Amino acid sequence: MSSLVIAAPMQGWVAPLDEAPDAVFAGRMLGDGLAIDPTGQVLCAPCAGEVISVHRTRHAVTLRCANGAEILMHVGLDTVGLGGEGFETHVRDGQSVQAGDPLISFDIDLLAGRAKSLLTPVVVTNGEAFEIVRRQQDREARVGDFLMEVRPLARDGAVATAGAGPRASRRLVTPLAHGLHARPAARVADLAKRFDSEVEIAAFNRKANGKSPIGLMALAVRHGDEITVSAVGADAEAAVAAVADLIAGGMGEAAPTAAKTAVAAPELEREPVSAPLDLALLRGVKAAPGLAIGQAVRLVARDIAVPEAGAGVARERAALLVALDAVRTRLTEAASSGDRQRRAILGAHLAFLDDPELGAAAESLVAEGKSAGFAWRKAVGGYVEALRALGDARMAERVDDLVDLERQVLAAITGEDESAGPALPQGAILLAEELLPSQLMALDAGRLAGLCTARGGPTSHVAILAAAMNIPALVAAGPGVMAIADGAGLILDADEGVLRVSPDAAALARAQTALAQREQRRASARAAAHEPARTADGARIEVFANLGSLADARAAVAAGAEGCGLLRTEFLFLDRAAPPDEDEQAAQYAAIAEALEGRPLIIRTLDVGGDKPVAYLPIPAEDNPALGLRGVRVGLWRPHILRTQLRAILRAAPAGQCKIMVPMIASLGELRAVRALLDEAKRDLGLDAPIELGVMIETPAAAVTADILAAEADFLSIGTNDLTQYALAMDRGNPEVAARIDALHPAVLRLIARTAEGAARSGRWTGVCGGLASDLAAVPLLIGLGVAELSATPAQTPDVKARVRGLTLPQCRALAEKALALDSAEAVRALCAEALDREA
């Protein structure tokens with residue numbers, strides 16, 4: 001295939017791409033090329049070819065030339081933010097064009113006043129297959145003048161044919177609440193690596209290797225952004241289908257999170273701190289709740305020095321490989337234990353470590369004679385700079401993960417031991433400019449009372465880890481943090497977002513009293529945790545625990561849970577290539593039943609779809625997955641999966657201990673279909689003993705028809721998370737509305753009341769297994785509405801039991817009656833807070 005001449009697509013001054021004030025273009029992350037500072041107002045085709053992408057905001061277009069080279073032309077920088085204003089397109093996707101045909105017209109005066117720069121990059125995006133052999137720059141050009149010559153790269157003695165083999169592509173809107181950040185990027189890359197085809201993901205006319213998690217992060221894809229998944233190769237269609245389905249399913253990231261907070265680029269604005277004498281009070285952002293009293297311990301990171309020049313390519317390459325293997329082994333071992341959040345974060349770090357583009361960048365520098373340490377730092381640094389330059393707060397927080405990985409590998413190369421954290425005094429409140437995940441995991445959590453960082457964000461991995469470790473944490477508290485002297489007395493109130501430095505005796509006494517009261521309540525709750533929960537006037541309220549693993553079951557028993565009100569069986573089905581067979585499921589259910597030591601076990605049948613996709617159940621693309629195939633609908637859509645699970649449950653637990661619960665029921669017909677499958681499974685196994693079959697009330701339809709469902713269901717259990725989402729018509733995965741979702745909204749409370757009333761008509765009991773059951777403020781309301789069973793998180797069960805014991809049924813019913821008459825969730829919460837204060 002011959003070389004191709006690319007003509008100037010617009011009139012203007014031709015400059016090197018390095019002059020683009022954008023790290024993504026200047027760093028050639030999208031490919032090599034040139035930039036044009038326009039003096040005209042029309043972008044034309046630089047050669048004959050096919051339009052493969054016109055950006056929805058009309059500021060950029062990508063053309064595939066006759067020889068397969070793909071040319072991106074991006075009019076101005078940061079022009080996507082104009083939303084299409086000032087642009088007019090003259091072509092559409094798939095259209096054939098000739099050299100000189102107009103592609104986009106633009107208002108140059110409008111762009112000059114509102115865009116970051118008029119400089120227009122013209123780049124070859126598939127640089128793995130083409131090279132620029134000749135170019136003309138630093139000159140004025142007219143449309144049609146020579147710009148550059150592009151030639152296919154030769155591979156193994158043959159001319160490379162870009163894009164050889166079958167092609168496939170699919171467009172979709174990103175449902176991920178926080179976009180393609182570290183963990184979903186790692187999952188996408190891991191899946192893409194299983195296919196032989198080359199996989200790419202494009203957004204805003206930027207492209208990334210689908211097998212590179214760091215490259216995917218650098219796209220800065222956000223919730224609601226349109227992306228294109230494409231592949232070239234023998235298994236292109238399968239690759240695109242798998243990757244697109246994984247992203248479209250949301251990867252379990254549709255839950256509401258803290259509002260985005262700008263970090264690093266740009267930093268949060270804080271009141272200036274001029275001197276240590278002004279440091280009586282610092283304000284930050286809550287990353288993990290709680291109150292702590294302790295002494296300041298500053299963590300100042302040492303710079304790891306590495307030489308630039310290497311000691312020979314072979315030696316430095318070996319040093320890098322040994323260091324990467326050492327860090328990989330340590331991360332793999334650490335990821336094999338610990339809580340889910342810890343494992344997910346370490347899994348993302350492992351994906352970065354094996355990122356093909358990051359490894360190739362470091363290898364290239366080593367081949368140029370650089371030292372292993374310098375090469376690794378330089379390679380990581382390029383991506384760090386690019387991510388920070390994106391100006392996206394969520395992506396800026398992910399920079400910490402790359403910096404963390406950089407330090408770990410450099411420590412391995414230089415022989416510095418960073419696996420053990422600094423020695424901490426008891427009651428230490430750690431202060432740091434920024435804290436890396438590995439640094440937090442290396443600390444003695446038993447001696448750590450709290451932590452506060454000058455920078456960082458509430459959705460960073462450090463924040464997630466701190467919350468999982470029950471360590472109160474503040475972030476983004478400003479530069480004054482590192483001006484605090486070691487040993488200074490501190491009060492860290494994460495819930496209020498403040499750090500008090502050298503507090504006076506009165507403030508210290510108040511904090512100590514508050515801590516003592518909290519601890520006393522916790523101690524009393526733990527001491528009575530194994531006693532049955534009864535109200536002060538003798539009403540029995542069962543307090544169960546929600547479980548998602550065998551470890552959860554053991555923790556629940558230790559915490560005093562009276563049984564399991566919800567076993568989420570998805571832990572057996574997710575993150576694998578094929579569903580678990582009957583024997584594997586039966587063994588797991590039996591182990592959990594045994595761990596509960598005879599306590600009741602309510603097993604929910606598989607609840608996937610929506611925000612929980614599985615690779616081996618390729619659910620067709622849906623405009624609104626939350627209203628499509630999920631819950632029981634998936635089981636009835638693929639009955640062999642549900643049938644196998646029902647048989648496994650019947651085999652697993654002793655008769656009388658186990659109950660079955662069906663998710664997302666909306667009609668009696670669905671319940672009857674599941675009961676028919678259950679009866680069939682019992683006949684096949686020769687079982688006569690009855691087993692209760694209940695339903696989860698998660699839709700308004702189910703709540704309103706609870707009396708009809710209760711006529712045939714053995715019990716009803718309310719999943720308040722989804723019920724609230726559907727009742728309020730607010731998507732939990734949409735950060736614009738997620739903060740306003742509150743299960744104490746009067747509309748939700750009325751649906752709960754309607755459910756309990758409907759169940760009572762048929763003599764059925766009603767439970768709550770959603771997040772509201774763990775909310776201490778909600779406990780009296782739920783009891784007053786007629787709920788007889790609360791299934792909370794294992795750690796919260798002692799406190800829920802303690803709250804129940806301080807209540808009477810008349811009190812609860814009076815409170816519920818008042819709440820139902822209120823007009824907002826805020827009013828209900830204020831009412832509950834008053835009741836809680838009176839009890840305290």
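**Entry 1: Ile752 and its surroundings**

I started with Ile752 and listed what it touches: Ile718, Thr720, Leu723, Leu772, Leu782, Leu785 and Val787, leaving out residues up to four places away in sequence. I'm working from a predicted model here.

Next I looked up the core around it. The largest nonpolar core has 95 residues, and Ile752 is among the members that touch the most others, along with Leu547, Tyr589, Leu781 and Leu790. Helix α17 (residues 639–652) gives this core its largest share, seven residues. I also found a second, separate core of 80 residues, with Ala185, Leu219, Phe352 and Leu402 included.

**Entry 2: the barrel**

Which strands close into the barrel, and in what order? I read off eight, in the order β29-β30-β31-β32-β33-β34-β35-β36, with parallel pairing. From one strand to the next the twist averages 30°.

Then I checked where the ring closes. β29 (residues 542–547) pairs with β36 in the parallel sense, over four bridges. Ala545 stands opposite Ala792 of β36. On to β35: two bridges join it to β36, and the two run parallel. Val768 has Leu790 in β36 as its bridge partner. That is the Leu790 I'd already noted in the largest core.

I looked at one more pair in the barrel. β32 (residues 658–662) and β33 (residues 693–697) are parallel too, joined over three bridges. Ile660 sits opposite Leu693 of β33.

**Entry 3: aromatic rings**

I searched the whole structure for aromatic pairs and got one.

I then checked where the two residues sit. Phe715 is in the loop between α20 (706–710) and β34 (716–718), while Trp765 is in the loop between α22 (746–761) and β35 (766–768). They are 50 residues apart, so I noted the pair as a link between distant parts of the chain.

Buried or exposed? Phe715 is buried, at 0% relative accessible area. Trp765 comes out at 25%, so it counts as partly exposed.

Arg638 lies over the face of its ring, 3.7 Å from the ring centre.

Notes:
Residues are numbered from 1 along each chain as its sequence is written. This is a predicted model: local features need pLDDT of at least 70, side-chain atom pairs count only at pLDDT 80 or more; totals for chains, interfaces and linings use all residues. Side-chain values use heavy atoms; hydrogens and water are left out. A nonpolar core is a set of buried Ala, Val, Leu, Ile, Met, Phe, Trp, Tyr and Cys residues joined through side-chain atoms within 4.5 Å. Buried means under 20% relative accessible area, exposed over 50%, partly exposed in between (1.4 Å probe, protein chains only). Contact means heavy atoms within 4.5 Å. Rings of Phe, Tyr and Trp (its six-membered ring) pair if their centres lie within 6.5 Å; planes under 30 degrees apart count as stacked, over 60 as edge-to-face and the rest as tilted. A charge sits over a ring if NZ of Lys or CZ of Arg is within 6 Å of the ring centre and within 35 degrees of the ring normal. Two strands pair if DSSP finds at least two bridges between them. Axes are lines fitted to C-alpha atoms, for helices over the stretch in contact, and angles run from 0 to 180 degrees between N-to-C directions.
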